[in-house]
Amino acid sequence: MSRTTVLRAVAASTLAVAVAAVPSTATAGGGKGGGEKGSYEGDAEGSSKDGVIRAKTKVTVTTGGGSRSSTGTLTPSNSNWTPPACWYEPAFSPKEIQATVKSWRDFDMPFLYGVGDFIGDSLDTRYKDGHPYKNYNLDKQGEGMFWAAAVNPNRKDDPEAMSCDKPPFWVDEGDPPKEPLAVSPKVLAEYAYDELPVPDTEIQMAPAGKSTVNLPTWIWLDKAKFKKQSVTASLPGTGLSATTTAEPVSLHIEPGTADAQTYPASGACAINEDGSIGEPYAKGKADQTPPCGVSYLRATGDDGPYPLRATVTWKISWTSTNGQGGDLPDGTFGTTQDVTVREIQSVNR
């Protein structure tokens with residue numbers, strides 16, 4: 001290996017360590033940039049980690065179709081799929097890239113004297129000296145933006161969050177990049193998946209919390225609570241927007257013991273036409289089989305109550321402003337409730 005190659009390798013390693021040591025760099029608005037439609041004033045907040053300049057996402061979300069109180073996070077039924085951990089989006093105008101380089105030149109650390117100038121020189125090689133950009137593309141101010149990696153705030157601790165490792169790259173206005181992870185209606189729809197405000201799966205039971213051996217326990221869900229939920233994710237100023245909708249389709253019952261019988265036998269209670277699941281118990285139905293429920297065949301003992309697990313499956317679909325749309329993997333969310341089961345008491349005469 002030549003001396004020049006070694007020096008370059010050492011310099012690259014030092015740059016990565018030095019940039020990662022910088023907590024964050026915020027830059028003020030520096031002029032109009034461009035997206036797929038229209039333009040907007042740049043105002044990005046840059047940060048660094050592993051030597052890559054990243055940006056705080058500008059994506060906003062709006063919730064519709066239900067309250068965000070007492071909510072959980074959906075688990076995709078397809079274990080091989082997750083919402084994106086990162087993507088690229090328009091983040092820096094030419095003036096902002098220039099300001100970012102300047103801010104790093106002003107940075108210094110006691111144990112890394114001159115690190116600011118070192119980082120600034122390295123960044124200027126890319127953004128000022130023509131490798132590949134010249135003078136920060138200032139002559140193109142208002143004609144496009146530097147796109148940068150942004151991390152899904154819900155998945156910032158995922159290893160995949162660092163997979164968007166390209167430095168900011170230039171995109172002319174109206175000419176979206178061919179980068180597969182560039183923000184798009186589908187990426188926004190998948191991000192909105194993480195933001196869906198599904199309610200806690202707290203089932204209604206009769207008898208409530210306590211049951212008797214071989215006596216059916218009726219289970220149902222409130223139709224007013226379990227209805228469609230939707231979230232719209234948008235990137236302001238670009239015309240990019242997508243709405244992701246979750247619709248409850250079934251409830252699955254796991255009794256918490258093998259000594260039980262579920263109704264129906266599969267344990268999957270389908271949603272009714274009116275949006276409810278199961279049927280509330282009413283007086284006079286004690287001898288009937290519930291459309292959704294469970295019978296315990298053995299009383300609970302010293303090990304404590306049975307952990308009855310109730311999981312709702314939600315069908316997920318999305319639409320967008322450009323006509324794109326489709327389905328995303330079903331999502332599930334469940335909670336566990338304790339059930340105490342007693343023996344039938346008999347009276348000897």
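Visitor: What joins strand E15 (residues 217-221) to E21?

Guide: E15 and E21 are joined by 2 bridges and run antiparallel. Two strands pair if DSSP finds at least two bridges between them, so E15 and E21, with 2 bridges, count as a pair. One spot to look at is threonine 217, which stands opposite valine 294 in E21. Before we go on: this is a predicted model, in which local features need pLDDT of at least 70, side-chain atom pairs count only at pLDDT 80 or more, and totals for chains, interfaces and linings use all residues. Residues are numbered from 1 along each chain as its sequence is written, and side-chain values use heavy atoms, with hydrogens and water left out.

Visitor: How many bridges join strand E18 (residues 260-263) to E21?

Guide: There are 4 bridges between E18 and E21, again antiparallel. Here glutamine 261 stands opposite serine 295 in E21. The labels themselves are DSSP runs numbered from the N terminus: helices are H or I with at least four residues, strands are E with at least two.

Visitor: Which residues cover the two faces of strand E21 (residues 293-296), and are they buried or exposed?

Guide: Gly293 and Ser295 lie on one side, Val294 and Tyr296 on the other, and all are buried. Buried means under 20% relative accessible area, exposed over 50%, and partly exposed in between (1.4 Å probe, protein chains only).

Visitor: Why is proline 255 called buried?

Guide: Proline 255 has a relative accessible area of 12%, and that is under 20%, so the word buried applies. This proline 255 sits in the loop between strand E17 (240-254) and E18. The C-alpha atoms of proline 255 and leucine 308 are separated by 4.6 Å, although the two are 53 residues apart along the chain.

Visitor: What makes helix H4 (residues 185-195) largely enclosed by the rest of the structure?

Guide: In H4, 10 of the 11 residues are buried, so the helix is described as largely enclosed. Among them are Pro185, Leu188, Tyr191 and Asp194.

Visitor: What makes strand E16 (residues 229-235) largely enclosed?

Guide: For E16 the count is 5 of the 7 residues buried, so this strand is largely enclosed as well. Strand E6 (residues 60-64) joins E16 by 5 antiparallel bridges, with threonine 62 opposite threonine 232. E16 also pairs with E17 in the antiparallel sense, over 7 bridges, where alanine 233 has alanine 242 as its bridge partner. Between the strands of this E16 and E17 hairpin there are 4 residues, and glycine 237 takes a positive phi near 85°.

Visitor: Which peptide bonds are cis?

Guide: One of them runs from histidine 131 to proline 132, with omega near 10°, in the loop between H3 and E10. Another runs from tyrosine 263 to proline 264, with omega near -5°; proline 264 lies in the loop between E18 and strand E19 (268-270).
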